Amino acid sequence: MRCLVFLFFLLCAAAPDAPPITRAPAPPALETEAPWVAFTLTPAEQICFQAVVDGHSVTAILDTGVSTSLLSRRFVDAARIRVRRGHAALAIGGTVATGWVDPSSVTVAARTVHSPRLMTAPLPPATTGQAAIDLLVGSDIIGGYALDIDYAAQRFRLLPSGNLPFAGSIAPLRIGGEWSTYVTDILVGNHHLSRMAVDTGDGSAITVTQPAWSALAEKHRPTSSTISYGVGGAAIVDLAIVPGVRSGTAPARTVEMRIEPSGGYTATIGMNGRIGSGFLRHYRVLLDPHAGRMVLLPDSSADTPPLRSTSGLILRRDDDRLTVLHVMRGGPAEADGWQAGEQICAVDGLPVSAEASLHWPVDAAGRSVKLATCNGMTRTLTLRAFY
């Protein structure tokens, strides 16, 4: 299982409310020459692929939540690219110091942008769950295309705007605001939520602001807490499981929803919420803001309920240990006194390893698990449902 969700965003502004939802027309002829680009999903559910910067192959993330594409400071320093002074950019977890760089070219999916103006900042591994990410590809590079993402086949391509390669449910989509971002709307139950950012760089499913959550009938559902990581650091948010989320005419029966506290990142950028790849990965997705549409075609996993923790532990797996990153509110781990930073070296008598299964944190309620900490103590944790 994937135990963590990491987020990264740069400052963007609100867009106007989206137009009413419609259904997609029949597909027109498709540009067949656009090449597919293979990708893998990072531990944080982000689209990871190979791009080219100044003739060098780099590992990149396809991130529609970033308005200005960003090169890692590690790559910039190694390539000896001159850095001009930037500013403090808003990100999940706080602010981050940035600079400006001017590489000769960036190539994504056989589309080359010459003399792009990019940002640069450190890209810590916690933003993706893996090391050596050097490029975040944002709307400044891909926003003029129809972005076709086939999550099931793990491939994407950039088509000319207006192409419609498959039929599906259609929802409005536009790029707007002083800092361009992809914006749509959704229905949660019978409540319409406008100004929802569509962000493939966000590994969570759906995030809403506290005021948006308070307007939903689902606000009475039990909640817990979880942790998210961004370039600016860590952020603690509330967590709930809600039914009846709909984008266009595509329903999702059960969805994990995160609720940011008042004054959080999403509210600061003028949005009511964000739709991330934790939601999108259950569909084939077409993002075509210039044509005004997002098209979703569900796959066989679309109705699969999200995993719910029954342990209350958010963990990071290293080679021979599990580190507790967050203890979820109201869970059995909190009741048993577990603390962030504690480390587990064995589970039910078996040493932790990189290959060992990590299903037990979401196993059936009622199971008891023996956890040996790395300081020699053994504690028993009884799993239960709590949100």
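**Rings, charges and cores**

Trainee: Arg117 lies over the face of which residue?
Mentor: The distance from the ring centre is 3.8 Å. A charge counts as over a ring if NZ of Lys or CZ of Arg is within 6 Å of the ring centre and within 35 degrees of the ring normal. The residue whose face Arg117 lies over is Trp100.

Trainee: What should I know about the model before we go on?
Mentor: This is a predicted model, where local features need pLDDT of at least 70 and side-chain atom pairs pLDDT 80 or more, while totals for chains, interfaces and linings use all residues. Residues are numbered from 1 along each chain as its sequence is written, and side-chain values use heavy atoms, without hydrogens and water.

Trainee: Which residue has its charged end over the ring of Trp36?
Mentor: Look at the ring centre of Trp36, because a charge over a ring is judged from there. The charged end that sits 3.8 Å from that centre belongs to Arg155.

Trainee: How are the rings of Phe39 and Tyr151 arranged?
Mentor: Rings of Phe, Tyr and Trp (its six-membered ring) pair if their centres lie within 6.5 Å, with planes under 30 degrees apart called stacked, over 60 edge-to-face and the rest tilted. Both Phe39 and Tyr151 are buried (under 20% relative accessible area; exposed is over 50%, partly exposed in between, with a 1.4 Å probe and protein chains only). Their ring centres are 6.1 Å apart and their planes meet at 80°, so the pair is edge-to-face.

Trainee: How far apart in sequence are the parts tied together by Phe49 and Phe156?
Mentor: These two form another edge-to-face pair, 4.9 Å centre to centre with 75° between the planes. Phe49 lies in strand β5 (residues 47–53) and Phe156 in strand β15; strands (E, at least two residues) and helices (H or I, at least four) are DSSP runs, numbered from the N terminus. The pair therefore ties together parts that are separated in sequence by 107 residues.

Trainee: How many residues does the largest nonpolar core have?
Mentor: Such a core is a set of buried Ala, Val, Leu, Ile, Met, Phe, Trp, Tyr and Cys residues joined through side-chain atoms within 4.5 Å. Phe49, Val108, Phe156 and Phe279 have the most contacts inside the largest one. Apart from it lies another core, of 16 residues, among them Val324 and Ile344. The largest core itself has 58 residues.
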